Amino acid sequence: MLTENKTFRTLLFAYGLATLGDWFDFIAVAIFLGYVWQVDPMTMALLPIAYAAPGILLGQLAGVLADRVHKVRMMIAANLVQASLTLLLLAMPDPLLFLLVIALRSCASVFNDPAQQTLTRQIVAPEHLLQATSLNGAIFQGGKLIGPLIGGMVAAMVTPALCLIINAVSYLLSTLLLLTIRHVEKQLPRPASREKTISLRLAWKEGWTVFLQNRVLLLSSLFSLLAMMAIQLADAQFPVVFREKVPDHPEIVGYCVSVIGLGALLTITWLHRRKTIRSYGWVLGGGVLLIGTCFAWIGLFQPGDGIHWLLAASLLAGIGTGLTSVGTNYLVQKETPPHALGRVRGIIDSLSSATFIAAPLLGGVLMTWLGPAQTFLAVGLLVAAVGGGVIFLQRWIWGKPDAAVAATAASEQAG
């Protein structure tokens, strides 16, 4: 059973500590820039770039290294650098230097995810991959629910600087946990000697070859990126559309974000109870369809309708987010050859980082051109159509379930 895997439990706790600290940090950064320094909109627009640009530049290098080096040491080094730079943020005298340090810290964080994903594939049995992936997703969504709430209280009652200190401590505690499993990789199969001797450039090219030539992996990742881009577009523009739809209820933004997180968490919990995903089409396509339906629903919402309809739409988006995030991560783990998982993960991470920059910019352009309601309606209908198309074409994209999946499904039905 996965619960008996001590190494995975330790890795999961270490990830959970770092994730919770990151959400404390998120609140502190927003307060420092928005309320302490009261920066202008252009300076605030640099924040997502500081977070995401390092992933675009370094994500693929991190993936190559994750396939070649000691993964636990790689995560420990990243944690220590992030802890140091988080404390350095407290000494920054102005917003631009503050953002520069955030960008440097993001450079270190880029190296964490490919190492963790690759190590997870090595220490978790194939039949437990879906459970492991859903647990990681649950930790992230749980941190998203709890971290901002507690972090906001700490920042309001004490000081936002304390949130940064808590984040630095969380990195250090995560490092201590990782130190207890630092020898585990000696017991795992070593990478083929060729993986360590070929050049970084050739290893990088081979990662792209694996990614582009695997139709299932490529198309599934593109669908996931579409969903992520739509989510980021909406996250950035929720205040704008709700200001038009429900001007007397500014609190609805926070409620809807929380309901999205709740829907994702409930869906991930449900997926955790399953042994495998029988159909990628229904999970990924269905998730995208629900996200698109939410946006179209919000676009059609009329002032005077009950705000509970907005919460219901947000719940659909949360369910869709849970399906697409867990489904994609599980598919990447299962469909990628083990020797190339770090590189493929790095490629996907770099493409994901690009959406964090492109989506808010695209959202701003569309909002200005079409208006908030029409933008949400148009984007929602387009995304929902893509999701429906994926369900319709799933046999062509993914083919029929393999024998192993069919056998697992039969055993679940029998049980």
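Trainee: Is Gly399 buried, partly exposed or exposed?
Mentor: In this predicted model, Gly399 sits in the loop between helix 16 (394-398) and helix 17 (403-414). The relative accessible area of Gly399 is 30%, and the middle class runs between the 20% limit for buried and the 50% limit for exposed. Gly399 is therefore partly exposed.

Trainee: How far apart in space are Gly399 and Val184, C-alpha to C-alpha?
Mentor: Along the sequence, Gly399 and Val184 are separated by 215 residues. In space, the distance between the two, taken from C-alpha to C-alpha, is 37 Å.

Trainee: How many helices and how many strands does the protein have, and what is its radius of gyration?
Mentor: The secondary structure of the protein consists of 17 helices and zero strands. For 415 residues the globule rule gives 22 Å, and the protein comes close to that value, so it is as compact as a globular protein of that length. The C-alpha trace spans about 60 × 55 × 40 Å along the principal axes. The radius of gyration is 21 Å.

Trainee: Is Gln82 buried or exposed, and which residues beyond its sequence neighbours is it in contact with?
Mentor: Gln82 lies in helix 3 (residues 71-89). Its relative accessibility is 4%, which is under the 20% limit, so Gln82 counts as buried. When neighbours within four places in sequence are left aside, the residues in contact with Gln82 are Arg105, Ala108, Ser109, Asn112 and Tyr171.

Trainee: Where is Gln38, and is that residue buried or exposed?
Mentor: Gln38 is found in the loop between helix 1 and helix 2 (41-66), and its phi is near 50°, a positive value in a residue other than glycine. The relative accessibility of Gln38 is 62%, which is over the 50% limit, so Gln38 counts as exposed.

Trainee: How many aromatic pairs are there, and what is the geometry of Trp23 with Phe26?
Mentor: A search of the whole structure finds nine aromatic pairs. The ring centres of Trp23 and Phe26 are 5.6 Å apart and their planes meet at 70°, so this pair is edge-to-face. The two residues are three apart in helix 1 (residues 6-36), and therefore about one helical turn separates them. The geometry asked for is edge-to-face.

Trainee: How many residues apart are Phe295 and Phe376, whose rings pair edge-to-face?
Mentor: The ring centres of Phe295 and Phe376 are 5.8 Å apart with the planes at 80°, so the pair is edge-to-face. Phe295 counts as buried at 4% relative accessibility, and Phe376 is buried with a relative accessible area of 2%. The pair links distant parts of the chain, with Phe295 in helix 12 (residues 280-300) and Phe376 in helix 15 (residues 372-392), and the separation is 81 residues.

Note on methods. Residues numbered from 1 in each chain as written. Predicted model: local features only at pLDDT ≥ 70, side-chain atom pairs only at ≥ 80, totals over all residues. Heavy atoms only, no water. Helix = DSSP H or I, 4+ residues; strand = E, 2+ residues; numbered from the N terminus. Rg over C-alpha atoms; globule rule 2.2 N^0.38 Å. Buried < 20%, exposed > 50% of the residue type's maximum accessible area, 1.4 Å probe, protein only. Contact = heavy atoms within 4.5 Å. Phe/Tyr/Trp six-rings, centres within 6.5 Å; stacked < 30°, edge-to-face > 60°.
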